[in-house]
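Colleague: I am new to this structure and would like to learn how to read a few of its features. Please take them one at a time.

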Amino acid sequence: MRGVWVVLCMISMHMSKSNPYKLNIASIPSGVSEYDFMLTGDFFSHMGNSDILDADVAAHLSITHKNEAYYCSFILKGTLTLSCDRCLDPMSHQVDTRYDVTVKSGPEYDDSTEGLLVIPDNQASLDVADMMYDTAVLTIPMRHVHPDGECNPAVAGLIDSADDESESDEYTDGPQD
């Protein structure tokens, strides 16, 4: 039990008290440090995303501090609840993804190179909330719908009848002889 307490104390030393997603990167020792986060509906709501109705995503961050670089590996697994684009009922979207980025310090902020983030020399902290948010949201397809047959039957019936009407209109809207 003492080992768990030591690990939790070490993790809390590297995290901001006011923002649990802000890591004091300058104090992370050489070697590997591990962090775990739960991304819930509140997390996505605070990030300004109203399309995600709820969430239960476990995010694991492993940071390897070697020389002057921090090699960050995010692994996200869980479920996002979205509205189906077809019937508007809630639907589950599985998240199982990984994102790797190297963080270094430099004269100014620069994220123009894929897989590399340069933070200003005078910045001692790194807010990982945006990285986790982007990693989760990028798994959502442009069009998210229930699998065939799983949409709300009442709405699916309305869609089918509207499709039938539009098909019959195509044949009667043309020029008449």
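**Reading the features**

Modeller: The structure holds 1 salt bridge, meaning a side-chain nitrogen of Lys or Arg within 4 Å of a carboxyl oxygen of Asp or Glu. This is a predicted model, in which local features need pLDDT of at least 70 and side-chain atom pairs count only at pLDDT 80 or more, while totals for chains, interfaces and linings use all residues. Residues are numbered from 1 along each chain as its sequence is written, and side-chain values use heavy atoms, with hydrogens and water left out.

Colleague: Which residue forms a salt bridge with Arg98?

Modeller: Asp100 does; the closest N and O atoms are 3.1 Å apart.

Colleague: Is Arg98 buried or exposed?

Modeller: Buried is under 20% relative accessible area, exposed is over 50%, and partly exposed is in between, using a 1.4 Å probe and protein chains only. Arg98 is exposed, at 53%, and Asp100 is partly exposed, at 41%.

Colleague: What is the phi of Asn67?

Modeller: Phi of Asn67 is near 60°, a positive value in a residue other than glycine.

Colleague: Where is Asn67 found?

Modeller: Strands (E, at least two residues) are DSSP runs, numbered from the N terminus. Asn67 sits in the loop between strand E3 (52-66) and strand E4 (69-83). Its relative accessibility is 64%, so Asn67 counts as exposed.

Colleague: And where does Leu88 lie?

Modeller: Leu88 is in the loop between E4 and strand E5 (90-106). Leu88, not a glycine, has a positive phi near 70°. With 63% relative accessibility, Leu88 counts as exposed.

Methods. Helices (H or I, at least four residues) and strands (E, at least two) are DSSP runs, numbered from the N terminus.
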